[in-house]
Amino acid sequence: MNEVIAHNVRDNDGKSIWKFLLSELKPKGKMLTPFNVISIPIMILGLVLIVIRFWKGLGSITNLTQDVPWGLWIGFDVVTGVAFAGGAYVLTFMVYILNMHKYHSIVRVTVLNGFLAYLFYAGALLLDLGRPWNVVNPIIGNNFGTSSVLFLVAWHFLLYMIAQLIEFSPAVAEWLGARRARKILSGMTIATVIFGITLSTLHQSGLGALYLMAKDKIHPLWYSDFIPILFFISSIFAGLSMVIFEGSITQKVFSWQISEKNEHAHDEILHGLSKVCAVAMFAYFFLQVIVFIHGKRWEYMGTPMGNWYLIEVVGFVLLPMLLFFASYRNRNLRLIKIAAIITIIGVIMNRLDVTVIGFRWNAETRYIPTWMEFVVTLAVMFTEIWIFRWVINRMPVLRDSPAWVIDGK
Amino acid sequence: MGIDRRSFLKVLGVAGITVTVGKSLASTHNEKDIEFFGMLYDSWRCGGCQSCEIACAEAHGLPKPKDEPKVGLVRKTDETRRVVVNSYSTSKGEVFIRKQCMHCNQPACAAACLTQAMHKTKEGPVIWREEKCMGCRYCMISCPFDIPKFEYHSANPKIQKCDMCYDKIMKGGIPICAEICPADAIKFGTRRELISEARKRIHDNPNVYSEVIYGENEAGGTGFLYLTPTPISELGFNASIQKSSYPELSKGFLFSVPTVFVLLPPILLGIYEATKSNQTKEGGDNE
């Protein structure tokens, strides 16, 4: 580990940049960890399945039907994954726009998580495209389908990934010891943050708006004109719950990187985030109640789908909301973590209810994903975690910036 | 020079307006001259002989149908057949009914398509364009009639759906099914002609037909129109199809996009500027 830190003090007067990059590419640390032992075979299997998919068509490894053309890869990887990546825009809003310095120490890791989530989960979209060689059509050329919500979402994914990369780029510059570049890139932060928040507002809700035209296909308990707003509000607490959950793991796994000051500050951060979650969930629950009454949804109560809806809204929205509120009072960190996990499950349920479970709930042949779809999804997640670990071990994300940044103020 | 700067600009402005507005007026005028083509299908005349299915399959290089319409069997269009005929036992006896693309006036599939691969042509047919499509299948999610079908078992998959024999129409022909139908159950023409023809048939035979022309108002109006002896709900059609068009459903969201894009950044910038003073007091680190 000392070796890692030694690398990190690299400066422009050190070895040549190429030698440095080459040495950084090598894996660090033990190879035979439980995580590696589980993830490597799944990633290899996933790769094999992806090759089969492009060779024989989507039907060879998925159970997608003519009635349900979007399955697990869109419903979970893209729609749910992006909701969980929402932590990045909420935190940059709090830290850079509202100037809440308390949360500064976790901004970088959250933006990195957000960026990788977009890169991989929106990237999973490419696996699902039947004709991926035409993916550039809506970006270049005269094929702008501007009346399409998906057109908006595609452009926003692309632009937001660039924005997040710029937000994260000072960390890359610090890693490479590029002082001038760091200065220029840091100067762009506020503008990109404002742009990024605007983009997030629109595409988080846009993911819900995708389903507005599928009015007759989604179970009425999950379809309403308010899907975009519900998706937007839930992305706030989905993202923050993920920050709480991931934060608790990274605090343990990478504890040697985190300064004592930041480690102590983390408890305060969790308390603060749980308050934001509680309030956002209250707004969401309230809106759900309004939609329930206006949509005359009580007539569906007592049906199997009605029960499932109640479990989602009461068990996985109302309950964790109350836990978040309770954690405010008795300042219980475990309560916050439990509430975050329940919220995460609830958001997964909600997104899948709109996209997969409630979609063509009355079709003769229901879509049930194949094991291969799950393996590819897991492979995508593991690859993301590998890249995340690679970056954390090299760039100043969790640990403090190198001395020259602090001195150079 | 007999012209000063001011009047020169005036002339330039007037000329510019005339050119641009004149052009757009002229072009809207021209587009109105072309009426949407459509098809009128008379379910009462249809004998369920499958001639249209066979001719369609041949014309589009698809396999010949292997099964026949039978009461109780719901055959569906899929990636190997663009049109199917089904048989239903109704209050007026056995009735045959065709199912294929409705060629909506405002198609949800075309509004959904982010590459304009699904396209409402100015002649009326809704067509799919291979070179533009990226295979996202959002058209399938959006179509209220479940028409676009995807070739899941191909490395170079296509979307299959009825295109009203667009190429044939452009050469002055008529769709193969309308040409071949031995019972004269399918009529091709402009949508307006077809609606008056349908009204005439209902008027002349009030005991035969249900008074609704299915497709006249459904989903904002469709190019394919149905005359049926019984209400359409007895014939396996989705009864909850709305009267207004489906793209209408996401219009509100799309209209809010420019508003958010214009209003949100200045608000955020304002909040940032307002909270910035704290930062200098605390001497916080900003990057």
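Two residues are in contact here if their C-beta atoms, placed from the backbone, lie within 7 Å. Welcome to a predicted model, in which local features need pLDDT of at least 70, side-chain atom pairs count only at pLDDT 80 or more, and totals for chains, interfaces and linings use all residues. Residues are numbered from 1 along each chain as its sequence is written, while chains are lettered from A and ligands numbered from 1 in the order in which they are written.

**Helix H12 of chain A**
- Helices (H or I, at least four residues) and strands (E, at least two) are DSSP runs, numbered from the N terminus.
- H12(A) has a kink of about 30 degrees centred on A:His266, the bend being the angle between axes fitted to the seven residues ending at a residue and the seven starting there.
- Among the buried residues of H12(A) are A:Leu270, A:Cys277 and A:Tyr284; buried means that 20 or more other C-beta atoms, placed from the backbone, lie within 10 Å of a residue's own.
- Their cover includes helix H11 (227-253), helix H13 (304-330) and helix H14 (333-357) of chain A.
- Just after H12(A), A:Lys296 takes a positive phi of about 50 degrees.

**Where the chains meet**
- Chain A brings 49 residues to the contact and chain B brings 51 residues.
- On the side of chain A that touches chain B, H10(A) gives the most, with 8 residues.

**Chain B**
- Chain B holds 8 helices and 9 strands.
- Of its 287 residues, 39% count as buried.

Key
A residue is buried if 20 or more other C-beta atoms lie within 10 Å of its own, exposed if 12 or fewer, and partly exposed in between; C-beta atoms are placed from the backbone.
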